[in-house]
Amino acid sequence: QVQLVESGGGLVQPGGSLRLACVVSESILTMSTMGWYRQAPGKERELVAVIRRSGSTIYAGSVKGRFTISRDNAPNTVYLQMNSLKPEDTAVYYCNAERGNSYWGKGTLVTVSS
């Protein structure tokens with residue numbers, strides 16, 4: 001019943017920035033966690049960043065210092081600000097919500113290339 005819709009993906013040059021958004025159908029404050037995951041072609045899905053209900057965050061080591069996860073409660077939106085993008089960041093990025101069950105968006109493609 002929880003629906004998540006990602007947006008903001010696209011083609012960017014190395015060193016560039018991109019901001020992803022995830023619009024959630026229910027209050028994100030009722031979720032245990034909100035997070036971003038990514039899956040590169042031929043590879044398994046991996047955690048990128050998580051924000052807990054309390055507002056605390058956790059990041060994958062590969063993105064720490066470059067990516068920032070944040071939220072707006074009014075439009076029930078979770079963001080992922082991505083700076084200093086690298087070609088290895090190329091992947092489909094998925095929004096995730098946890099509240100007893102796991103809920104996933106359909107993903108948005110980020111391509112980092114010259």
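**Notes on the disulfide and the ring contacts**

1. C95 is buried, because its relative accessible area is 0% (buried means under 20%, exposed over 50% and partly exposed in between, with a 1.4 Å probe and protein chains only). The model is predicted: local features need pLDDT of at least 70, side-chain atom pairs count only at pLDDT 80 or more, and totals for chains, interfaces and linings use all residues. Residues are numbered from 1 along each chain as its sequence is written, and side-chain values use heavy atoms, with hydrogens and water left out.

2. The partner of C95 is C22, with the two sulfur atoms 2.1 Å apart; a disulfide is a pair of cysteine sulfur atoms within 2.5 Å. The two cysteines are 73 residues apart, C22 in strand β3 (residues 18–24) and C95 in strand β9 (residues 91–99). Strands here are DSSP runs (E, at least two residues), numbered from the N terminus. C22 is also buried, at 0%. The torsion about the S-S bond is about -85°, so the disulfide is left-handed. One disulfide is found in the whole structure.

3. There is one aromatic pair. Y37 and W104 have ring centres 5.0 Å apart and planes at 70°, so they are edge-to-face (Phe, Tyr and Trp rings, for Trp the six-membered ring, pair with centres within 6.5 Å; planes under 30 degrees apart are stacked, over 60 edge-to-face, the rest tilted). Y37 is buried at 18%, whereas W104 is partly exposed at 36%.

4. R45 lies over the face of W104, 4.5 Å from the ring centre (CZ of Arg or NZ of Lys within 6 Å of the centre and within 35 degrees of the ring normal). R19 lies over the face of Y79, at 3.8 Å.

How values were computed: Helix = DSSP H or I, 4+ residues; strand = E, 2+ residues; numbered from the N terminus.
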